[in-house]
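Hello,

Here is the structure I promised to pass on. My notes on it follow below.

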Amino acid sequence: MQRKREQAARGLDGVGYFVLCKLNDETVKNADAVGKKARAAFVEFPNWRRSQNELRHLRQKVTFAIFAEEDDLAKVSALVDSIFSVLQRPERRNLASWRDKDQFKARVREWSDKLGVHVRSLAVRPMRNKWASRSTAGNLNFSDDLLALDRELTDYVIVHELLHFYVPNHGKLWKSLMRAHLGDYERAASKLKAKARNAQQA
Ligand SMILES: [Zn+2]
């Protein structure tokens, strides 16, 4: 159960981000705190897409979370309606993917700040046979296939690429920097290789 919840929580980054944007758009007070409560409700009811009962409980929790900061009940229910109508739209996959793209880019920025790498331009786009590419001028491209992968694997690709700004090869220095920042990075590397092999066979 605990594991299931954790998995659900990881899959919720896009939903959480979307809800937070909506709260900010509607200038709900303490949007961060409300967003956290809403996100916790999504974790609590992971089957809300399939179960009417869970959906009802979830909507109720989200409504209360917003109502705690916003007195206008009509506004609150309109906002909840709007959030759920977007999340329940069949084409939500597209929406999820651009949200993920922004989040992914934010992750790259986080790492580049941490590693002190100056990234001039950053793009996430379809790429063939590669997870990432970079120019010496500081332009970075990442494959949009990465958006579907675990954080452990995407972090590996991001740090791998950023460290090449300092070390162009995969020698001792690069390896020790990888280890310093990611710990057991070989595990991610081999998982990623397996993914690439499966993708080629598919
Ligand atoms: Zn490399």
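In what order do the three strands of the open sheet lie? The order is β1-β3-β2, and the pairing is mixed. Strands pair if DSSP finds at least two bridges between them. The strands (E, at least two residues) and helices (H or I, at least four) are DSSP runs, numbered from the N terminus.

Before the details, two notes on the source. This is a predicted model: local features need pLDDT of at least 70, side-chain atom pairs count only at pLDDT 80 or more, and totals for chains, interfaces and linings use all residues. Residues are numbered from 1 along each chain as its sequence is written.

The edge strands are β1 (121-125) and β2 (132-134), and each pairs on one side only. β1 runs parallel to β3 (residues 139-143), joined by five bridges. Here V124 stands opposite F142 of β3. β2 pairs with β3 in the antiparallel sense, over three bridges. S133 has N141 in β3 as its bridge partner. Four residues lie between the strands in the hairpin of β2 and β3, where G138 takes a positive phi near 105 degrees.

In a regular strand, side chains alternate between the two faces of the sheet. In β3, L140 and F142 are on the covered face. N139, N141 and S143 are on the uncovered one.

**The helix pair**

Helix α4 (residues 52-67) packs with helix α5 (residues 73-87) at an angle of about 135 degrees, their axes 10 Å apart. Axes are lines fitted to C-alpha atoms, for helices over the stretch in contact, and angles run from 0 to 180 degrees between N-to-C directions. That angle makes α4 oblique to α5 (under 35 degrees is roughly parallel, over 145 roughly antiparallel, 65 to 115 roughly perpendicular, the rest oblique).

Which residues make the contact? From α4 come R59, V62, T63, I66 and F67. From α5 come L73, V76, S77, L79, V80 and F84. Residues are in contact if their C-beta atoms, placed from the backbone, lie within 7 Å.

Best wishes

Key
Contact = placed C-beta atoms within 7 Å. Buried ≥ 20, exposed ≤ 12 C-beta atoms within 10 Å, placed from the backbone.
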